[in-house]
Protein chains: 4
Amino acid sequence: MIKVGIVGVSGYAGAQLLYLLLQHKGVEVKFIAAHSKAGEEIGDLYGNFVGKFSQNCCTFQEAYEQFDEIDLVFTALPHGKSADAVKLAFDKGIKVIDLGADFRLDDAQEYEKWYKVPFQHEELINESIYALPEINREEIKDKKVIANPGCYATASILGAYPLIKEGLIEENSIIIDAKSGTSGAGRSEKTGNLYCEVNESIKAYSVANHRHTAEIEQELTRVANDKINLLFTPHLVPMNRGILSVIYGKLKTGVTKEDINKAFEKNYKDEYFIRLLKTAPETRWVKGTNFCDIGIEVDKRTGRVIVMSAIDNLMKGASSQAVQNMNLIFGLDEKEGLELLAMFP
Amino acid sequence: MIKVGIVGVSGYAGAQLLYLLLQHKGVEVKFIAAHSKAGEEIGDLYGNFVGKFSQNCCTFQEAYEQFDEIDLVFTALPHGKSADAVKLAFDKGIKVIDLGADFRLDDAQEYEKWYKVPFQHEELINESIYALPEINREEIKDKKVIANPGCYATASILGAYPLIKEGLIEENSIIIDAKSGTSGAGRSEKTGNLYCEVNESIKAYSVANHRHTAEIEQELTRVANDKINLLFTPHLVPMNRGILSVIYGKLKTGVTKEDINKAFEKNYKDEYFIRLLKTAPETRWVKGTNFCDIGIEVDKRTGRVIVMSAIDNLMKGASSQAVQNMNLIFGLDEKEGLELLAMFP
Amino acid sequence: MIKVGIVGVSGYAGAQLLYLLLQHKGVEVKFIAAHSKAGEEIGDLYGNFVGKFSQNCCTFQEAYEQFDEIDLVFTALPHGKSADAVKLAFDKGIKVIDLGADFRLDDAQEYEKWYKVPFQHEELINESIYALPEINREEIKDKKVIANPGCYATASILGAYPLIKEGLIEENSIIIDAKSGTSGAGRSEKTGNLYCEVNESIKAYSVANHRHTAEIEQELTRVANDKINLLFTPHLVPMNRGILSVIYGKLKTGVTKEDINKAFEKNYKDEYFIRLLKTAPETRWVKGTNFCDIGIEVDKRTGRVIVMSAIDNLMKGASSQAVQNMNLIFGLDEKEGLELLAMFP
Amino acid sequence: MIKVGIVGVSGYAGAQLLYLLLQHKGVEVKFIAAHSKAGEEIGDLYGNFVGKFSQNCCTFQEAYEQFDEIDLVFTALPHGKSADAVKLAFDKGIKVIDLGADFRLDDAQEYEKWYKVPFQHEELINESIYALPEINREEIKDKKVIANPGCYATASILGAYPLIKEGLIEENSIIIDAKSGTSGAGRSEKTGNLYCEVNESIKAYSVANHRHTAEIEQELTRVANDKINLLFTPHLVPMNRGILSVIYGKLKTGVTKEDINKAFEKNYKDEYFIRLLKTAPETRWVKGTNFCDIGIEVDKRTGRVIVMSAIDNLMKGASSQAVQNMNLIFGLDEKEGLELLAMFP
């Protein structure tokens, strides 16, 4: 049994993570920590746990004191908040999977440019890895600090990766138009997150400056061996869960639909969690799962490819990908605890 | 392994049932039959199955021909449509769990009064049972024809049962005001089920004549040893899943909140799938589960009890209760394949 | 032109009121006041006003200083907050329409029992009136302090009134099961009001202790000439607007469906804003209007009547009823500015 | 009074048009025609009209027989269905505003390529005009056959027009990613339009082949004096109304944010129905109105402009734009009957 703790259980991603860990055969949850909700029973915060799991949330300090008794800690905190827990875990010699953004970028300056706060613990950059198993599975296995990718970034990188890897599109032609359910905004008490404000409307936000742009560019640049700049636009959609990332790229001369299909087939045919569809993906079919559904079209008239990539933002975009990474670094079957299908409707 | 087939897989309840059976360790699905969708692959009807289960729907006739090879058939069809399959299964000596309404009432005249169609195969009335495990577990075990309760009826009977059983309310004072998500209307192409028609509105329907009234009265009458008449009003709510049944009853003189609590505790304390809450239940916490969450209030001012009972209409109200009944009649752990928690949000 | 001001414009009811007043031919809006949003332009709070009305919100103090220049002030504030403004308006000799609860109950003790705060300015009780035009139009006309009814109360009283007035039901048999859209909870930043918390779920709340019970009982008692106690249960529905109030009553012996229909016809046939339907009302058809749609069923089996009453909680349940009251006390056509139809879908 | 008739009142656009015409001071509605719903009262189809307008739907034939008594006919029919009515109107010498697609393209071959049906009545091409008042107001005034633009096209053309007109972007760099509420799919009884199928999901559809592409290209080509090809991707969003069209273009060298702003200011500063925002537009603020809200960002990193254009698909995208065109061709104030604000929430 892998002994784990969660620091930051009271947000949607943290609670979803707990949900998955409780159903995972190889895991024992030793503690769940929450900042402002410390002392409260998890079932009072999330009624789905009632009768199944009745632990109280502890403070971060209480969590830190139990680091000696666990093999792995998950941190699910806003950016700028997880560095201390990560550092402590590293020093104690236990593994850490950070669902936050603090170790996703391997360039401190870039981090500070996008996040407007100082990068903490730069000494951990070399110990950490941006962990998207379908892209860099092998490199992840030995790392101590696992930076779990952002939700938009997961959908976008998985959708764009074969195009870049196989050199099919003009590298700086990428435009990503992404749409997310409202749980992406977290359980924060802001006017903009209220039911009546989100319902029956759609908007773009953080236009031309959303932070996930940085990690998408970083990872695609790594693949391209060439600096990639791309335009990323997120939207807020009136639904609880789901991200649909639509990626537009200018095809290099002569590239056909068949070339594109082959590239995706080549890179993803053995990936259980990626389903290549013949139709346009819909977020409802990946809801509650670790799947990334991908559909592709080519528009001959304009010489462009359109890749549509759908995930559940709280699952493959956060918690279930964290479990996938846990399985990976502990040598378990990557699918363990993750063979979930979407429940519909 | 229990070998099973589903007749009527293309509706929401049928597809949900398949979902559960595929994840059940003790079951092998031999065929899935659909009427108008025969010949289509299930993944084309429900994209959640893509990559996991790729069987084609067969015709009912093709299903019938395989009855010799299975131990159990599930029928999930509109009322009046399952009698033939049920009769055939009975004659073949295999068990049948009918998610439809055709064998729920044990009085053919009553059936015809509410359903306006003839009762077929009256000879099976004695072989069949209204199967709500928390109420009549022992009687279910030996029966061949299992009439799976209706969704509204499940929530309502479970909410009212301890009140009647322990004689706490005036028997003919019961008013049930129930609210259901839209999946209860099925996957039928009617104007009233369109997104824009249901969204942003609420209405009552089938006021004073909804068919589930008959089965609620039948089962409560059985418990009361006295004919019970009650008023039942269903509502359509703009959400996919969930039923909240609110039951009002006039307390007998001297009955207290404590008496009520004790009655529920006495009858349900060992029932895994019933959670007695100290707060008002919310359908979101039972979504995707076999749980029935119950909350109770007493209004001293008017001498009334208010029982609130929440289920997932497609789960405890249909498919997962069918699996619970299957577990029961095949001697498995009743929880097998059903230890699901609600995924939130 | 009636010169008006709004104290409390930043909530949903206040903003909806401004919307109506801007389109009303006989009204000039002199100021809009908001507490925490003072200094902000209304268009920054509510984007629908952009390009049409660009006034800044003033402080309450700034509003009070302009009471000499207006004929009428609307207060749209949480309970316990409007008494000062109302008192000042009264002392200045201007009329006031209070959308809050502070002058709805004419018994200070009753107010304190339900609201848990002291009744302020009891000396105004005799100057104020609970103003539901369809019930007590004539009494409203001369009053200075107009207590605009609560949303649930409006739907419930209008639905129950003819039953009580004409003596058709047993007076203490009334049970009201009401369902409201989420705007009823206001624009307050609470976890329970977040999109993901409300969406895809339904729950009852304030069971057996919701404050609107008091005003429903008060007004029906006035009609009955006998103390009426009733049970009221509100529910939160995942939609923006709309209240459906379902009223159950035990028919007196011999009362028929025809008697009921006649009673409603008699009392409401000349009421423009009440539509007696032959079908069950749906909130979508009254959304954005001052209509109250009423449908009636009788259940002979249980001897009960079911009255379904649908309004828009922000309109007939708050702002448009306030405008109707304004029209009434200033001698305008009651329909002025209120001949809106629901926009569908 | 302009005497008008509607052919095709039973769809969402037709019903919305009736709604507007009933509130328009200068219009008298002589008949409303519906194909499959002929003989039904409009209030039975759309409950919002109850008590306000109680006409029965007539057949198309009955409508045609009244063409002599009207000044203008609106046709709101699926493509391929309005040509006969349009031709008849033209022959009778009355004006016609077609909300359908049959006269939007002025090239029959292009029409047939996109719509896969023959162009009917090519002789009317010269008599008809693609009527987007903000773009070609003067040309519209004298025309007999008014082709009302498509919903996606309206939002997209208005958003892209100043960029093309002022030569600010590379002409063939345009990518449009648009999102629409579900009413755009009409009131048709298809599985894909059911509540449970649309709710809680997002998808792209008609990728690289949506028919509105043709009209967007046609109108932008006209402005550019150069053939424009662009990529257009529509999405289905779980909400009733609203279109957000996000337009991406590659800036010509040296073009700045200020240049862009000036271009929009120059072209739209006198347009009442276009609101240039400093923020990202949200569909909720234009719901139920004839407004087009536009927001602009420039991404210096990638040298691209992002124009976000929001309309109500049934209003500026269909019915209210039809009324705007009516006002225009009959010499009324263009705003007559259209000074509606969004009702929120």
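This note sets out points on a predicted model, taking its domains, helix packing, chain contacts and backbone features in turn.

1. Domains of chain A. Chain A is divided into two domains: domain 1 covers 2-148 + 318-329, and domain 2 covers 152-311. The centres of these two domains of chain A, taken over C-alpha atoms, are separated by 25 Å.

2. The contact between the domains. In chain A, 15 residues of domain 1 are in contact with 17 residues of domain 2. On the domain 1 side, helix H5 (108-115), helix H6 (133-141) and helix H11 (319-329) of chain A each supply at least two residues. By class, this side of domain 1 of chain A has eight nonpolar, four polar and three charged residues.

3. Helices H6 and H11 in chain B. Two packed helices are described by the angle between their axes and the distance between the axes. Helix H6 (residues 133-141) of chain B packs against helix H11 (residues 319-329) of chain B at an angle of about 40°, and their axes are 10 Å apart. H6(B) and H11(B) are therefore oblique to each other. The crossing of H6(B) past H11(B) is right-handed. From H6(B), the residues in this contact are B:Pro133, B:Arg137, B:Ile140 and B:Lys141, and they meet B:Gln324, B:Asn325, B:Leu328 and B:Ile329 of H11(B). The residues of the contact divide into four nonpolar, two polar and two charged.

4. Helices H7 and H9 in chain B. The axes of helix H7 (residues 151-165) of chain B and H9(B) come within 10 Å and cross at roughly 25°. H7(B) and H9(B) are therefore roughly parallel to each other. H7(B) passes H9(B) in a right-handed crossing. On the H7(B) side the contact involves B:Tyr152, B:Ala153, B:Ser156, B:Ile157, B:Ala160, B:Tyr161, B:Ile164 and B:Lys165, while H9(B) contributes B:His212, B:Glu215, B:Ile216, B:Glu219, B:Leu220, B:Val223 and B:Ala224. By class, the residues of the contact of H7(B) with H9(B) are 10 nonpolar, two polar and three charged.

5. The contact of chain A with chain D. Here 38 residues of chain A are in contact with 39 residues of chain D. Several strands of chain A each supply at least two residues of the side that touches chain D: strand E7 (175-180), strand E8 (203-204), strand E9 (231-236), strand E10 (243-250), strand E12 (292-299) and strand E13 (304-311). The residues on this side of chain A divide into 20 nonpolar, eight polar and 10 charged.

6. Two copies of a chain are related by a rotation about an axis and a shift along it.

7. The contact of chain C with chain B. This contact takes 38 residues from chain C and 38 residues from chain B. The elements of chain C that give two or more residues to the side touching chain B are strand E7 (175-180), strand E8 (203-204), strand E9 (231-236), strand E10 (243-250), strand E12 (292-299) and strand E13 (304-311). This side of chain C comprises 20 nonpolar, eight polar and 10 charged residues.

8. How chains C and B are related. Chain C can be laid on chain B by a turn of 180° and a shift of 0.0 Å along the axis, with an RMSD of 0.0 Å. That is the relation of a two-fold axis. Of the residues of chain C, C:Pro238 comes closest to the rotation axis, at 3.2 Å (C-alpha). The copies meet through the same surface, because 100% of the interface residues of chain C are also interface residues in chain B.

9. Backbone features. Most residues other than glycine have a negative phi, and most peptide bonds are trans. The peptide bond from B:Phe344 to B:Pro345 is cis, with omega near -5°, and B:Pro345 is found in the segment after H11 of chain B. In chain C, a cis peptide bond joins C:Phe344 and C:Pro345, where omega is about -5°; C:Pro345 lies in the segment after helix H11 (319-329) of chain C. B:Asn225, a residue other than glycine, has a positive phi near 60°. B:Asn225 is found in the loop between helix H9 (212-224) and strand E9 (231-236) of chain B.

Technical notes
Residues are numbered from 1 along each chain as its sequence is written. Chains are lettered from A and ligands numbered from 1 in the order in which they are written. This is a predicted model: local features need pLDDT of at least 70, side-chain atom pairs count only at pLDDT 80 or more; totals for chains, interfaces and linings use all residues. Domain bounds come from an automatic or database domain assignment. Two residues are in contact if their C-beta atoms, placed from the backbone, lie within 7 Å. Helices (H or I, at least four residues) and strands (E, at least two) are DSSP runs, numbered from the N terminus. Ala, Val, Leu, Ile, Met, Phe, Trp, Tyr, Cys and Pro count as nonpolar, Asp, Glu, Lys and Arg as charged, and the others, Gly among them, as polar. Axes are lines fitted to C-alpha atoms, for helices over the stretch in contact, and angles run from 0 to 180 degrees between N-to-C directions. Angles under 35 degrees count as roughly parallel, over 145 as roughly antiparallel, 65 to 115 as roughly perpendicular and the rest as oblique. A crossing is left-handed if the near helix is turned anticlockwise from the far one by less than a right angle, and right-handed if clockwise. Copies are superposed by least squares on the C-alpha atoms of residues with pLDDT of at least 70 in both.
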